[in-house]
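Look at the sequence and the model together. This report takes the sheet to begin with, then the helices across it, then the pockets.

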Amino acid sequence: MVRVGFIGWRGMVGSVLIERMLAEKDFTGFEPVFFTTSQAGQAAPRIGIPVPPLQDAHDLDALAKFDILVSCQGGDYTTEVYDKLRNRGFKGFWIDAASTLRMRDSSVIVLDPVNRDVIDAALAGGIKDYIGGNCTVSLMLMALAGLFRRKLVEWVSSMTYQAASGAGAKNMIELVAQMAHLSAATSGPLRSGASALELDRIITDQLRNGTMPTDIFGAPLAASLIPWIDKPMENGQTREEWKGQVEANKILGTRQTIPIDGVCVRVSSMRCHSQGLTIKLTRDVPLDEITAMISSDHEWAKVVPNAKEATLNELTPAAVSGKLSVPVGRLRKMTLGPTYLAAFTVGDQLLWGAAEPVRRMLRIALEHLSKD
Ligand code: NAP
C-alpha cells in the first residue's frame, strides 16, 4: 500500500489540512504516518484509524522510505531537510505548503482549479515536487481565474489586508493576547461611560508604552496594522509583494509576464486575507460579462453585488472565515477609464490559500500512483 508521511500537521496549515481530509473522508487507500520536529513518540492525531506514534521528522532514512511526503512544517524545515533527503535517494512525491521550493524549475506550484493542465503535464513529465502557492497569490487567482483564463488581464495592483493567522499559530495567540491587553485597559473606563476621546487616549498610550506583548509581530497589531510582511528585497518590495508576480505567472504558466505588484499589509483579522484590486483589462468588457466570467469559472468563485448590505453580509473576513467560497465584490469600472476595473476579494487563506491545494494535490498524486 502507498505510504504517506505527514510533517507539520500540528501547525495552522497542517491542522486545517487534517480537518479537511477528515471532512472529505480522505484517509483511505493509503497508510498514513505522522512526523514531528518536537514531540517524537507522543500520540499521533486521531483520524479514525490506528496510526503509529509520532516519528522524528529529522530521521532522513525513515522519511526516504515514503511514496509521498506532505509537509506543512515551514520553510526552515524544507530548507534543512529536502535536498539531503533527495540526495539520500528519496524518489517519492514531495507536497509542501512552504515557499522554499516554489520557484525551482523542478517544482510546480499547485492550484488545480486554475492550473490542472500544468499539474497534469508535470505529472506526465515525471516532476515530483508540488508546492502550494503563496496564500494571497492563490486567493487572487481563485477570485480572478475567469479573467486570467481569457487573457483579459494586462496588469494588477493588489493592496492586501492579511490576517494574523497567515503568519502562523504563535502570531494568532499574540494577536489575541494584544486584544486582551487592550480590553483590560479599557473595560473599566468603558463601563463607567468614558468618552470616545478618553478611550482613544488609553488605547494610544497602550500601543506606545511598550507594555503590549509584541515579541512575535514586533509591533502592536490589535488596534493598528503593520504594512510589512516577510523579508526586504533589494528593489524596495517585501518578499511577500515580490511573490505576487513571480508565483502568479508560474501558476498560470504565462509566456509573457503579467505585471502584478502592490503593498502587503498585516491587519488584525484573525483569519482570511482580503485584497483591494485595481485590474487593468486588455480591452473594455461590460461589467455584466465580467461578472459572468468570474462566477462561472469554477464552483468556488462567487460575485457579491456592489451594494452595502451584500458587502457587509458576504464580503468580510467575519463572513468568509472557514468557507471554501472566494467572494469577489465591489466590482465597478473605475473613473480612470473603461479598461480599469476595481474589485475587492476575501478568501480563507488557510483553505484555498494553503491547505486545500495541498489536500487536492495529495489526491491527484494518489490517483496518479494508482494508475502506475
Ligand atoms: P505554524 O502554525 O507556525 O506551524 C508550524 C509548526 O510549528 C507546527 O507543525 C509545529 O511543529 C510547530 N509549533 C510550535 N509551536 C506550535 C503551536 N503552539 N501550535 C502549533 N504548532 C506549533 O505554521 P503555519 O502557519 O501552519 O505555516 C506552515 C507553512 O505553510 C509555512 O511555510 C507557511 O509559510 C506556509 N503557509 C502558511 C499559510 C497560513 O495561512 N498560515 C498560508 C500559506 C502557506 P511540531 O509539531 O513539529 O513541533
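## Sheet and pockets

In this predicted model, seven strands form an open sheet with parallel pairing, in the order S3-S2-S1-S4-S5-S7-S6. Strand S3 (55–56) and strand S6 (107–110) are the edge strands, and each pairs on one side only. Strands of a sheet pair through backbone hydrogen bonds, either parallel or antiparallel. Take one pair here. Strand S5 (residues 93–96) and strand S7 (residues 129–132) run parallel, joined by three bridges. Asp-96 stands opposite Ile-131 in S7.

Two helices lie across the sheet strands. Helix H3 (residues 75–87) lies across strand S1 (3–7), strand S4 (68–71), S5 and S7. Its angle to S5 is about 175°. Helix H12 (residues 351–371) lies across S1, S4, S5, S6 and S7, at about 165° to S5.

The largest pocket has a volume of about 1600 Å³. It is lined by 48 residues, and the closest to its centre are Gly-74, Gly-75, Gly-166, Ala-167 and Gly-168. Elements that give two or more residues to this lining include H3 and H12.

The second largest pocket holds about 450 Å³ of space. Of its 20 lining residues, Phe-148, Lys-151, Leu-252, Thr-254 and Ile-258 lie nearest the centre. Which helix gives the most to this lining? H4 does, with four residues.

Conventions:
Residues numbered from 1 in each chain as written. Predicted model: local features only at pLDDT ≥ 70, side-chain atom pairs only at ≥ 80, totals over all residues. Heavy atoms only, no water. Pairing = 2+ DSSP bridges. Contact = heavy atoms within 4.5 Å. Axes fitted to C-alpha atoms, helices over the stretch in contact; angles between N-to-C directions. 1 Å grid on protein atoms, 1.4 Å probe; cavity = no way out; pocket = protein on both sides within 12 Å on 5 of 7 lines; lining within 4 Å. Points joined across faces, edges and corners; volume = space filled by probe spheres on them.
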